[in-house]
Amino acid sequence: SLSSQGVEQVLESYMVHWLLGDDEQGITVLLRNRSILEQSVPHWDQVAAFLKGQIRDLDYKRQHLPDAALAAASARPGHNALA
């Protein structure tokens with residue numbers, strides 16, 4: 001299971017990979033240096049805020065609406081990825 005911070009790191013890495021495509025060197029540079037990432041990707045602060053909001057929403061649904069989380073396949077019985 002991942003913490004909320006762990007999920008955030010995974011999603012941010014995914015977004016950088018998605019934005020840069022096959023540029024492995026660029027991906028490595030951006031993931032190693034947060035200030036370069038924030039300067040290089042327009043509106044990165046908004047992208048990061050969106051990701052944090054999605055994580056909070058998922059966590060809320062799992063805690064307060066477990067039947068809906070199960071139906072949406074974002075949770076499994078007895079398992080919570082954000083534990």
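Mentor: Let us begin with a term: contact means heavy atoms within 4.5 Å. Helices (H or I, at least four residues) and strands (E, at least two) are DSSP runs, numbered from the N terminus. This is a predicted model, in which local features need pLDDT of at least 70 and side-chain atom pairs count only at pLDDT 80 or more, while totals for chains, interfaces and linings use all residues. Residues are numbered from 1 along each chain as its sequence is written, and side-chain values use heavy atoms, with hydrogens and water left out.

Trainee: Against which helices do the buried residues of H1 pack?

Mentor: Buried means under 20% relative accessible area, exposed over 50%, and partly exposed in between (1.4 Å probe, protein chains only). In H1, the buried residues are Gly6, Val7, Glu8, Glu12, Met15 and Val16. The buried residues of H1 pack against H2, H3 and H4.

Trainee: Is Glu12 buried or exposed?

Mentor: Glu12 is buried, with a relative accessible area of 10%. Setting aside neighbours within four places in sequence, Glu12 is in contact with Arg34, Trp44, Ala48 and Leu51.

Trainee: How does one describe the way H1 and H2 cross?

Mentor: Axes are lines fitted to C-alpha atoms, for helices over the stretch in contact, and angles run from 0 to 180 degrees between N-to-C directions. The axes of H1 (residues 4–20) and H2 (residues 24–32) come within 10 Å and cross at roughly 145°. Ser13, Val16, His17 and Leu20 of H1 make the contact with Gly26, Ile27, Leu30 and Leu31 of H2.

Trainee: What span does H1 reach?

Mentor: The expected span of a helix is 1.5 Å times one less than its number of residues. H1 has 17 residues and reaches 24 Å from its first C-alpha to its last, close to the 24 Å expected. Gly21, which follows H1, has a positive phi near 60°.

Trainee: Where is His43 placed, and what is its phi?

Mentor: Most residues other than glycine have a negative phi. In His43, a residue other than glycine, phi is positive, near 60°. His43 lies in the loop between H3 (34–40) and H4 (44–64), and His43 is exposed, with a relative accessible area of 53%.

Trainee: How far apart are Lys52 and Val7 in sequence and in space?

Mentor: Lys52 and Val7 are 45 residues apart in sequence and 9.2 Å apart in space, C-alpha to C-alpha. Lys52 is found in H4 and is partly exposed, with a relative accessible area of 36%.
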